[in-house]
Amino acid sequence: LKPHHLEGVDAIIIYHTQKEADAGTQGLLGDWIAAGKPVCITHAGLGAWPEWSSYSSWCGRIWEWGVSSHPHVAATLRPTAEGGVDFGFTEAWLPRDEVFIRLKETAPIIVDLAAEIGGEETHPAAWHLRAHPNVAAWMPGHRRDSWTVPAMRQGFEAVLRRLLFE
């Protein structure tokens with residue numbers, strides 16, 4: 001990235017990236033976050049740039065090979081009181097293969113949305129960082145067709161609204 005690439009940009013959304021971030025990308029993203037500007041890391045972005053420790057800490061939770069997984073089961077999403085984000089629903093259902101579980105903790109987070117899998121396990125599905133409230137994660141969305149589920153669009157929009165307007 002070059003500085004002019006971010007002119008007029010309100011928020012950065014990271015979905016997937018290269019394995020390594022060059023010095024320019026590291027500098028620009030680091031400055032952006034330090035300035036309190038909004039960043040939303042979505043789904044596969046939690047596995048990006050694995051050797052960049054600052055980025056890993058901005059994620060709050062990251063994919064850990066051999067530990068993390070995304071089981072092919074349905075999940076129920078529920079907003080948390082702690083997060084205080086209006087998702088437009090009190091409960092939503094997602095089809096199979098949506099939610100990463102057993103992610104590696106890299107920084108303290110506030111869970112905005114929890115995913116219940118199999119009626120027992122609960123995992124963070126959307127969160128923002130305690131130290132950098134301008135950085136959030138929206139984690140469901142492994143399959144392209146999952147974006148036809150209204151809760152996916154509503155949830156992602158709610159995370160962006162919190163970043164941009166609160």
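R130 is partly exposed, with a relative accessible area of 47% (buried means under 20%, exposed over 50% and partly exposed in between, with a 1.4 Å probe and protein chains only). The side chain of R130 meets that of E82 in a salt bridge, 2.6 Å from N to O, where a salt bridge is a side-chain nitrogen of Lys or Arg within 4 Å of a carboxyl oxygen of Asp or Glu. This pair links distant parts of the chain, with E82 in the loop between β4 and β5 and R130 in the loop between β8 (121-129) and β9 (135-138), 48 residues apart. E82 is likewise partly exposed, at 47%. Helices (H or I, at least four residues) and strands (E, at least two) are DSSP runs numbered from the N terminus.

The model is predicted; local features need pLDDT of at least 70 and side-chain atom pairs count only at pLDDT 80 or more, whereas totals for chains, interfaces and linings use all residues. Residues are numbered from 1 along each chain as its sequence is written, and side-chain values use heavy atoms, without hydrogens and water.

Five salt bridges are counted by this rule. One of them joins E91 to R78, with the closest N and O atoms 3.0 Å apart. E91 lies in the loop between β4 (75-79) and β5 (92-94) and R78 in strand β4, so this pair ties together parts 13 residues apart in sequence. R78 also forms a salt bridge with E116, again with a closest N and O separation of 3.0 Å. Because E116 belongs to strand β7 (residues 109-117) and R78 to strand β4, the contact ties together parts that are 38 residues apart in sequence. The relative accessible area is 48% for E91, 29% for R78 and 23% for E116. Through shared partners, salt bridges join R78, E91 and E116 into one network.

In a regular strand the side chains alternate between the two faces of the sheet. In strand β2 (residues 39-42), V39 and I41 point one way and C40 and T42 the other, and all are buried. Strand β1 (residues 12-14) runs parallel to β2 and is joined to it by three bridges; two strands pair if DSSP finds at least two bridges between them. I12 stands opposite V39 of β2. From β1 the chain crosses through helix α1 (residues 23-34) to β2 in a right-handed β-α-β crossover, meaning that, with the strands pointing away from the viewer, the path from the first strand over the helix to the second runs clockwise. β2 also pairs with β9 in the parallel sense, over four bridges, and A136 in β9 is the bridge partner of C40.
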